[in-house]
Amino acid sequence: MANGKHDQTTAHDAHDSLSVRTVLTRLLAMIQKELIVTVVDKGTRRILFLPLILQSILFGYGATFNLEHVPYVVFQDSYDATATEIVQKLQYNPSFDLVRMCTDEPCYRQSLDRGEALLGLYISANFPRDHILFVATDARNTASANTALGYVQTIVSELNQEAQAQAGALSRNINIEYRYLYNSNNLTRYTIMTGMILALSMIQVLMLSSLSVSREREEGTFDMMLMAPLTPVEILISKAVVPTVIAICQGLVLFLICMLWFEIPFLGNFGALLIVIAIFSLSTVGLGLAISAIASTSQQSQVMAFVLVLPFIILSGMITPISAMPTATQYLSLLNPMRYGYEAVKRIYLEGQTLWEVSHLMLPLLGLGMVTLSLSIWLFRGKLS
């Protein structure tokens, strides 16, 4: 009787062991099948490796706070030996690039207002007596302003050390009085939050517009759309309007948050800001619709849109200065609509410039919008024909 129970227990254990092995075998077979499908499919391989490579290169070269190019302007009213040595030290420094040598204040201020110079040095007529060097930095980008000011402070510190080594206690130190323009308290939220007005709008536009066609293919309504009495251009317009309107609304909500909650003073014209947001949204929606026409599935659309979002933000100068990027990356940023839109929003919001004063930024933004919308129309016609 005991032997019978033992035999039953042994058989039951053997059956359980066989069941576990069977389950593991099935699982391993399914895992092997999924791995093969993932590796063999070209679209999946691109999703796995392309974003990794592109973003590694982008963050490695583009996301840097090291300023290798500091455009500056000098307004010099004193030409004594020490003042001349300061100017020469900057001119011989490879990181500094003299934009203009001014003889009056309007020239000096204009270079800073237009964004031609990141840094301004004013050597007053009283410099031989007070040894005060006045420095102004464009703090619309706080990271660039702090880095540039740090470079000047290092140069002045070296000059003071050299003077003390030569003249000892008789030498007088050069003192720096600095001022942050357009962001007097040098708050980083001025840079980040004003940039997010367009950044979040861009994310919304790309995500919504890139899913417009691929989602309908998956839901089975794409063929019904083709049966409607609409031309490809009419279909494109209908799919572009909603993401654009939503992006504009979100941009305005961010604008209100910046102004009312974070109390970032708005110095510009609301109508000019609205036009910039609208033009930027239109230029971005063309890219989203082009992605939607190319992608076969919603997953591909989302990945392609995500791959574009980070380069747009990083190459816009919102987080890291464009001047700190390699030359090839700076040229690449010229194709980025976020670069022009962000610069225009900064100037309107923080500086109070008019739409006419930022028109040189609007023209390339309009041009990029025409190119992306034309590309999406061409791709749509190919898909609908």
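Contact here means heavy atoms within 4.5 Å. Helices (H or I, at least four residues) and strands (E, at least two) are DSSP runs, numbered from the N terminus. The structure is a predicted model, in which local features need pLDDT of at least 70 and side-chain atom pairs count only at pLDDT 80 or more, while totals for chains, interfaces and linings use all residues. Residues are numbered from 1 along each chain as its sequence is written, and side-chain values use heavy atoms, with hydrogens and water left out.

The protein chain contains 15 helices and five strands. Of its 385 residues, 42% count as buried; buried means under 20% relative accessible area, exposed over 50%, and partly exposed in between (1.4 Å probe, protein chains only). Among contacts in the protein chain with a separation of 6 or more, 77% join residues 24 or more positions apart.

A nonpolar core is a set of buried Ala, Val, Leu, Ile, Met, Phe, Trp, Tyr and Cys residues joined through side-chain atoms within 4.5 Å. The largest such core has 47 residues, and Leu112, Ile197 and Met338 have the most contacts inside it. Two or more residues are given to this core by each of β1 (70-76), α4 (105-113), α7 (188-210), α10 (232-261), α11 (270-294), α12 (298-314), α14 (337-351) and α15 (359-384). Helix α14 supplies the largest share, eight residues. A second, separate core of 25 residues includes Tyr72, Leu118, Leu149 and Ile174. Not counting residues up to four places away in sequence, Ile197 touches Gly251, Leu254, Phe255, Cys258, Ile277, Val345 and Tyr349.

Axes are lines fitted to C-alpha atoms, for helices over the stretch in contact, and angles run from 0 to 180 degrees between N-to-C directions. Angles under 35 degrees count as roughly parallel, over 145 as roughly antiparallel, 65 to 115 as roughly perpendicular and the rest as oblique. A crossing is left-handed if the near helix is turned anticlockwise from the far one by less than a right angle, and right-handed if clockwise. For residue classes, Ala, Val, Leu, Ile, Met, Phe, Trp, Tyr, Cys and Pro count as nonpolar, Asp, Glu, Lys and Arg as charged, and the others, Gly among them, as polar.

Helix α7 packs against α12 at an angle of about 160 degrees, with the axes 9 Å apart. This makes the two helices roughly antiparallel, and their crossing is right-handed. On the α7 side the contact involves Ala199, Met202, Ile203, Leu206, Met207 and Ser210, which meet Ser301, Gln302, Ala305, Phe306, Leu308, Val309, Phe312 and Ile313 of α12. By class, these are eleven nonpolar, three polar and no charged residues.

Between α7 and α11 the angle is about 30 degrees and the axes are 8 Å apart; the pair is therefore roughly parallel. Here too α7 passes α11 in a right-handed crossing. Residues of α7 in this contact include Ile197, Leu198 and Met202, and those of α11 include Ile277, Phe280 and Ser281. The contact comprises eleven nonpolar, six polar and no charged residues.

The axes of α7 and α14 come within 9 Å and cross at roughly 125 degrees, so the two helices are oblique to each other. The crossing of α7 and α14 is right-handed. Tyr190, Thr191, Thr194, Gly195, Ile197, Leu198 and Ala199 of α7 make the contact with Met338, Gly341, Tyr342, Val345, Lys346, Tyr349 and Leu350 of α14. By class there are nine nonpolar, four polar and one charged residues.

Two residues of α10 were considered individually. Gln250 lies in this helix and is partly exposed at 29% relative accessibility. Leaving aside residues up to four places away in sequence, Gln250 touches Leu200, Ser201 and Gln204. Met259 is also found in α10 and is partly exposed, with a relative accessible area of 28%. Beyond its neighbours within four places in sequence, Met259 is in contact with Ile264, Phe266 and Tyr349. Met259 and Tyr349 are 90 residues apart in sequence and 9.7 Å apart in space, C-alpha to C-alpha.
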